[in-house]
Amino acid sequence: MSFLRAVPLAILAVVLTLSGPDAAQAARRVALLIGNAAYEATSRLNNPANDVELMKQSFENAGFDTVTTVHDLSRQDMVKTLRDFEDVASGAEVAIIYYSGHGMEMGGQNFLLPVDVALKSDKDVEDEAIPLGRVERSLAGATRLKLVILDACRNNPFEQSMTRSISTRAVSRGLARVEPEAADLLVAFASKAGTVALDGEGRNSPFATALSKYLTEPGVDVRIALGKVRDEVVSLTNREQEPFVYGSLGGAQIFLNIEEVNISVTTGENASPNTQSEAAADWQNIRDLADTDLIEAFLSKHGKDPVYKMLAEKKLKLLTEAATTQSAPDEIAWDALRQSTDAAALTRFVERYPDSRHRGEAETQIAALEPKRGASGEAISTQASRDCYLLAGEPQSMPGFAGVNFLKIDAARALTACAQAVNENPDDMMLVNLLGRAQDAARNHAEARLTYRKAADGGNLYALTNLGWYAVYGTDGPVDVEAGRAMFEQAAQAGNAFGQASLGWLYREGYGGIPQDHAEAARWYRAAAEQGNANAMATMGWFFREGLGVAKDQVQSLAWYRKAAEAGDTNAMSSLGWAYQHGLGTPQSYEEAKIWYEKGANAGDAYSMALLGWFYDAGNGVPQDYSEARKWYEQAANAGSAYAMGNLSRLYDYGLGVPVDAREAARWAAASIEGGDPAKLQELKTQPDNFTPDFRRAMQSLLKERGLYDGPVDGDFGASTQKAFDALANPIYTSLQLR
């Protein structure tokens, strides 16, 4: 089993948004901008007017439907303005209030100060100032995002002059921490609770400057944007000011700028050995849902990818057939998730079918997968942090937590959860690293590198190792394997299991000029395995099975595979099933093999699904049942197994469990080759008699339709057909042939 830490090749500006083309245009976004500067009882503020104008430009450039700006409001005018905006915000998808001026905290409650306040006594505060709760109420009618931005954390000019009537009415520096109770409400402070913000030396405050730069950046979720604002202000003020965000949102991404982002896809020369296409990544994130709208949106984007086009079309056909029997979509989706240990898939189910009778079961399964404690041992207290770990957690980064294989990260959901978690806990470097993982999975490599660097500089060794992989694969720059090895060694020597396993991988593969050394590889993998790293345990099972770097020992191999499988490694589950199937280190037991294949299948492992299909196909340990074999093969193919696609081709060719369909058989065979199954390619080229004459003619017709073959459709797999098979197997060669 290989060490899986894939770095995708494609550099993509945004992830797939599965909604209709007119959905964004129908969403109404409104903003109210208040700048209070000309205070009657104290000195004038320099920045609010400029800050409001700067934010006005940002929101208008982002295409907001309504942007209202007001200046120097008395209390009466401020109340009226908020009331009027309450009507404007009602029914809007996004509603924002930005306030620049004086604010204060008294007795744990926050107030904004109109320009006519006198505040001779603390008794006057509630009569002369505007409580933050009144501002929040003005946003109550918004449906997806309510955002209050307070550039109001300045020194309170009335703090010293006010008469104190009651000792409990304490007035402190800055604003008080808030815990918004309303749904979908965020409150962003220019500086975290109890601290003051700086006006800066230019026309605008550092906070407004950063907001104008990042908040409405196209294609950037609002939580990520606010995280960028925080980092910029911390940097601009030399850590004297740290913005903070309070509140939480749901899992869906929210963009303040809905302008179309130009997508730039480039394929570098430096391929990761464990890559995943964009279509494969997008398919992974919708294949478990029974939703025709999502499938049609996928086809609109990826209809030119023949493999995933076929998978999507078959899914649509299944859903259409199910509709005639009035099967509910959530029931169809739940059938594939009943025993699932895929947190992202279960999360998608809950989001898509919130009223399903299976929601409680799904939430119970999700809760069982949650990490109980953080990487440094503290309890994970916020929902965003739990979601971030569930959707992007480093495998085995804490005891009893399986984590998420990089290729299984649901980038869109992980981005929103981790951005929110980092906003809540900006000094938690593991969460910062997980945000980098989410950005990495979304192919936003420039952002991911910066995020990894921040976490690594903060002492997170997982982030340091992730940076090492960037150097090894040349993800967003030149390949520098030696630099990557140095980072791996630093993390490994410090005791990080991910760094140790990564270093072991370099020696095992002899990658990029590193001398291949199985003994050294086994030494580092063992170090990681002894710390509980499941992937390293599985690799130790492979070393003992193959006798590389260690003496060949099938009993030891089985023991390591079992440890890894019990720790949640899906590769180990299928390897353990394989060992029982073939009697490697144990008496042969199809029954035990089937148990482990089923566990792997429930964890989303395509290889386990395919081998379950083979059990029913061949009648190994179970009654031969081609219909059941087809079911498992289709699930495996849906999860990307080229081997399963090849076997489906044979079932359709010979009518095993399905009606004979040469055309369908040819499509599955082509998908198998395009998916990278060398056995099916070799069989087609060297054993054409294994296939029926109808299949051979259908295969030539398909190749002709693809523009790869211009010979006769006679079922003779001669030189021209062989050349077409090679082109089908090599997309780069294919593109050159078609020019």
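Beyond its neighbours within four places in sequence, Thr237 is in contact (heavy atoms within 4.5 Å) with Leu198 and Pro206. Residues are numbered from 1 along each chain as its sequence is written, and side-chain values use heavy atoms, without hydrogens and water.

Thr237 sits in the loop between α7 (222–236) and β10 (244–248). At 6% relative accessibility, Thr237 counts as buried (under 20% relative accessible area, with a 1.4 Å probe and protein chains only). A polar atom of the Thr237 side chain lies 3.1 Å from the backbone nitrogen of Gln241.

The cavities are compared below. A cavity is a set of points on a 1 Å grid over the protein atoms alone where a 1.4 Å probe fits but cannot get out; lining residues have an atom within 4 Å of a point.

| Cavity | Volume | Lining by class |
|---|---|---|
| Largest | about 100 Å³ | ten nonpolar, two polar, three charged residues |

In the largest cavity, Leu226, Arg230, Pro243, Val245 and Asn423 lie nearest the centre. The largest share of that lining, five residues, comes from α7. For the second largest cavity, α23 (554–566) gives the most, with four residues.

The chain averages a pLDDT of 85, but pLDDT stays under 50 over residues 1–26 and over residues 260–274. Where pLDDT is low, the predicted coordinates should not be read in detail.

Technical notes. Predicted model: local features only at pLDDT ≥ 70, side-chain atom pairs only at ≥ 80, totals over all residues. pLDDT = per-residue confidence, 0-100. Helix = DSSP H or I, 4+ residues; strand = E, 2+ residues; numbered from the N terminus. Buried < 20%, exposed > 50% of the residue type's maximum accessible area, 1.4 Å probe, protein only. Polar contact = N/O pair within 3.5 Å; in protein donor to acceptor, adjacent residues only side chain to side chain. 1 Å grid on protein atoms, 1.4 Å probe; cavity = no way out; pocket = protein on both sides within 12 Å on 5 of 7 lines; lining within 4 Å. Points joined across faces, edges and corners; volume = space filled by probe spheres on them. Nonpolar A, V, L, I, M, F, W, Y, C, P; charged D, E, K, R; others polar.
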